[in-house]
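Welcome! Take a moment to turn the model around on your screen, and then let us walk through it together.

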Amino acid sequence: HTDSQAKYILDDPYNIGKYASGTQEICLPNVFNLSFEDINFGVDTNQYIVNLSETEDFSVCEQYITNQKQLNITNLKLNTSYYWNVSIQKDDIKYISQTFSFSTRNDIIRNICVPGSTNWRDLGNYQTIYGKTIKQELIYRWAAFVFSHGTTSNPTQEGIDVIKNQLKIKSDIDLTGVNGIDGINRYFYRMEYSNIDNLIDDEGNKSSIKSVFEVLGDENNYPAVFHCTRGRDRTGAVAFLLGGYLGMSKDDLVRDYLFTNFSSSNTCSSSVINNYFSYMENNFEGPNLKEQIKNYLLSIGVTMDVLNNITNILVQ
């Protein structure tokens, strides 16, 4: 995280105004720089292959090619140990360095860098109220490509490569009807925002929310992303319902909701998510928010089988 993002994560979640106001594009994470200046193979080369893996045997690994003895890496998982080495090929001989390792911090909010788009984050790595963890790299929220003063545009080719090849998105759950990306399954369930203070109590939106959860109840649709135009109101409503059902704490739900203020043209108010808390408490039975949201979802037609599937897919 950047300094302001890191400070916000440690502060009261309602104190977003100290760090971001929705007027600047400051939502991207810091780039991680991996340097290997001290590795010397004893032969000249202008191409290095960096192998990066979560397992020491490199049975599954990502490969990066660079012509310098350093590499900028984005979108690492949180709370994860990584193993890496460097290899070169010279005159039909392959040279491989020793294996090194590092670990990423166990922070919440895995904000993602996708060139040409904004307000991306993973809903994973949050702890549930039952002591479990939401899995990373399965469910994302974002804004529609580039949003600026009411306009959207297509993502860059580099951004499409990240979406398809690094994040490996299979399903695009679109709440507005913007352009999709070739090769990714698109599910269009429009949500209206006339009642901006409580989108989840709109009868038409309830039908769309039901459809969204049905898509998320099929493990073949993951990794998946859901979005509206800004990634704020409609996306925030779905993120509240999904995160709350999975067992995120109220503080974490507020923090995820208000983190949108780190992206530009995206002032996000705490009053809306407070309305969601009150709406659930006043209208649905349950000893906690998770149970209240479960009963809300059942009331709009989501089945218990779908909800159990979502839990089994996303919580460990």
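Predicted model: local features only at pLDDT ≥ 70, side-chain atom pairs only at ≥ 80, totals over all residues.

**The overall picture**

The protein has 316 residues, and 53% of them count as buried. Its secondary structure comes to 8 helices and 15 strands. The radius of gyration is 21 Å, close to the 20 Å that the globule rule gives for 316 residues, so the protein is as compact as a globular protein of that length. If you follow the C-alpha trace along its principal axes, the spans are about 70 × 40 × 40 Å. The accessible surface comes to about 14500 Å², and carbon and sulfur atoms account for 42% of that. As for contacts with a separation of 6 or more, 65% are between residues 24 or more positions apart.

**The cores**

In soluble globular proteins, nonpolar side chains tend to be buried together. Here, the largest nonpolar core holds 62 residues. Ile200, Phe240, Leu242, Met280, Tyr296 and Leu297 are the ones that touch the most other members. Two or more residues of this core come from each of helix H1 (3-10), helix H3 (203-216), strand S15 (224-227), helix H4 (233-246), helix H5 (250-258), helix H6 (270-283), helix H7 (289-299) and helix H8 (304-314). H4 gives the most, with 8 residues. There is also a second, separate core of 15 residues, and Leu34, Tyr48, Leu76 and Val86 are among them.

Beyond its neighbours within four places in sequence, Tyr296 is in contact with Ile200, Lys206, Ile209, Leu241, Tyr279, Met280 and Phe284.

Which residues of H7 are buried? They are Leu289, Lys290, Glu291, Gln292, Ile293, Lys294, Tyr296 and Leu297. That makes 8 of the 11 residues of H7, so this helix is largely enclosed by the rest of the structure. Its buried residues pack against H3, H4, H5, H6 and H8.

Of its 9 residues, 7 are buried, so H5 is largely enclosed by the rest of the structure.

**Backbone details**

Most residues other than glycine have a negative phi, and most peptide bonds are trans. With that in mind, look at the bond joining Tyr222 and Pro223: it is a cis peptide bond, with omega about -5°. Pro223 lies in the loop between H3 and S15.

Ile109 is not a glycine, yet it has a positive phi of about 70°. You will find Ile109 in the loop between strand S7 (100-103) and strand S8 (110-112). Asn125 is not a glycine either, and its phi is positive too, at about 80°. Asn125 sits in the loop between S9 and S10.

| Residue | Relative accessibility | Class |
|---|---|---|
| Ile109 | 0% | buried |
| Asn125 | 4% | buried |
| Asn261 | 3% | buried |
| Lys7 | 53% | exposed |

Lys7 is found in helix H1. Its C-alpha atom is separated by 19 Å from that of Gln127, which is 120 residues apart from Lys7 along the chain.

Where does Asn261 lie? Look in the loop between H5 and H6. Leaving aside neighbours within four places in sequence, Asn261 is in contact with Ile16, Ala20, Ser21, Gly22, Asn266, Thr267 and Cys268. Asn261 and Asn205 are 56 residues apart in sequence, and their C-alpha atoms are 24 Å apart in space.

Notes:
Residues numbered from 1 in each chain as written. Heavy atoms only, no water. Core = buried A, V, L, I, M, F, W, Y, C linked by side-chain atoms within 4.5 Å. Buried < 20%, exposed > 50% of the residue type's maximum accessible area, 1.4 Å probe, protein only. Helix = DSSP H or I, 4+ residues; strand = E, 2+ residues; numbered from the N terminus. Contact = heavy atoms within 4.5 Å. Rg over C-alpha atoms; globule rule 2.2 N^0.38 Å. Areas by Shrake-Rupley, 256 points an atom, 1.4 Å probe, with all protein chains shown as cover.
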